[in-house]
Structures are given as C-alpha cells and as structure tokens.
Amino acid sequence: MNTKEKIFNVSLDLFSQKGYDSVSLREIAEEVGIKKSSIYSHYPSKESILMDIFDYFTQQFEYNPIVNNDKIKLDENNPFLEDPILFYHMGSEAIKQMVFQETNLKIWKLILIQMHHNETIKLFFQNEILVKPLVFWNGFFTLLKEKGIIRKDSNPKLLAKQYFSFPIYLLLEICAKYDDIPQEVLEHFFEETEEHANFLLESVKVK
C-alpha cells in the first residue's frame with residue numbers, strides 16, 4: 001500500500017468514527033506516520049480527500065460489473081422484468097456484495113451520520129443516494145406499468161419513493177446504533193428490505 005492509499009484509508013477511518021469536521025490533517029498525518037506537509041504531495045486539502053472518497057464510492061456503482069450487468073439493466077426488453085421480485089432480488093444480491101465490503105460500509109456510515117453537519121456531504125447524499133436511485137426506480141415502475149405487470153392506476157414516482165425510503169431508513173437506524181456494524185445485522189437488513197419490496201410489489205401487481 002502506497003502513501004496515498006494509506007492517507008485515504010486512515011482518513012476514511014477517522015471521518016467515519018469522529019466526523020469529517022472533527023478530524024484535522026495533522027491527526028491524519030500522525031496516524032499515517034508522516035509529516036502534515038507530506039499530505040500535500042498527494043492531496044491539496046482535507047476536502048480533496050473527502051472528494052476522493054466520494055469518487056471511489058460513486059465509481060463502485062457506475063463501473064462495478066457486479067452491479068452493472070445485463071440481468072439487472074433497466075431495459076424494456078429485459079426478460080427479468082417480467083418477474084419484478086426476481087429482478088429486485090438479483091439487484092439486491094449485487095448491492096449486498098458491495099455493501100459488505102468494509103470500505104463501502106465506512107463510507108455509508110460517514111455519509112449517513114455526517115450529512116447534516118457538512119454541506120459537501122449533504123449535497124452528495126442528495127444527488128447520489130437520493131436523486132439517482134429514485135430516477136432508476138421511477139423508471140422501473142414506469143416500465144412495469146407499461147408492460148401491464150402492475151396496475152394502471154399505480155403512481156410510479158410515489159412507488160419509487162415508498163420502495164426506496166425503507167432501506168434508507170434502516171441504514172440510518174443501523175449506522176446510528178452501531179460503531180462497527182455486525183454482519184448478522186446487515187444480513188437482517190437485506191432480509192427486511194426484500195420482505196418490504198415483495199410486499200409493495202404484491203400490493204400493486206396485476207392479479
């Protein structure tokens with residue numbers, strides 16, 4: 001592991017434990033075992049470290065082949081959309097593999113706990129965690145409605161919000177409760193989100 005990677009990892013540890021605003025560059029340097037001035041060879045500021053963390057997190061979703069595969073692609077010709085519960089389950093399993101990675105868990109915790117204390121984190125949460133997924137799920141329910149899988153009187157935008165708000169609530173609850181999130185808690189989180197997804201889909205599905 002090179003020095004920049006050490007700075008990245010130590011910063012993420014400290015940010016997720018103490019909060020971004022409570023951590024100084026001097027503290028990061030001490031934990032890495034370098035002088036504060038040496039950080040500037042890799043990052044011009046503390047905020048640039050934060051943005052690098054966000055870039056890493058965003059790329060995990062944009063370029064990760066586990067998440068971006070043809071089986072869970074939002075396309076009207078995707079045969080898996082004929083069974084929306086299976087489609088959701090495949091996407092959930094893909095996300096589970098990513099969320100279980102320790103680095104990603106720390107970033108989730110940093111975002112969810114710190115979004116009310118830092119404008120940069122708040123904007124990232126709004127755009128990447130709320131807006132983009134809601135656009136996807138709105139498209140998901142719109143396709144199901146067009147294909148006659150869910151009822152014609154269904155409201156795709158409202159369904160998207162109901163669908164997505166429950167796992168966000170659970171994540172907030174978990175991050176507020178645990179410093180180190182046990183794996184069994186995460187397993188239960190995915191069981192609950194799938195149970196909620198199945199309930200919501202069944203309530204609007206054409207019988």
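Which residues is S16 in contact with, leaving aside its neighbours within four places in sequence? I looked this up first.

I am working on a predicted model, where local features need pLDDT of at least 70, side-chain atom pairs count only at pLDDT 80 or more, and totals for chains, interfaces and linings use all residues. Residues are numbered from 1 along each chain as its sequence is written, and side-chain values use heavy atoms, with hydrogens and water left out.

**S16.** I found K106, K109 and L110 in contact with S16, its neighbours within four places in sequence left aside. Contact means heavy atoms within 4.5 Å. S16 lies in helix α1; helices are DSSP runs (H or I, at least four residues), numbered from the N terminus. I noted S16 as buried, at a relative accessible area of 14%. Buried means under 20% relative accessible area, exposed over 50%, partly exposed in between (1.4 Å probe, protein chains only). A polar atom of the S16 side chain lies 3.1 Å from the backbone oxygen of D13.

**K106.** Next I followed K106. Its side chain meets that of E102 in a salt bridge (3.4 Å, N to O). A salt bridge is a side-chain nitrogen of Lys or Arg within 4 Å of a carboxyl oxygen of Asp or Glu. K106 and E102 are four residues apart in helix α6, so about one helical turn separates them. K106 is partly exposed at 22%, whereas E102 is exposed at 56%. I also found D13 linked with E102 and K106 in a network of salt bridges.

**Elsewhere.** I searched the whole structure and got seven salt bridges. One of them joins R151 and D153, with the closest N and O atoms 3.1 Å apart.

Methods: Helices (H or I, at least four residues) and strands (E, at least two) are DSSP runs, numbered from the N terminus. A polar contact is a pair of N or O atoms within 3.5 Å; within protein, one must be able to donate a hydrogen and the other to accept it, and residues adjacent in sequence count only if both atoms are side-chain atoms.
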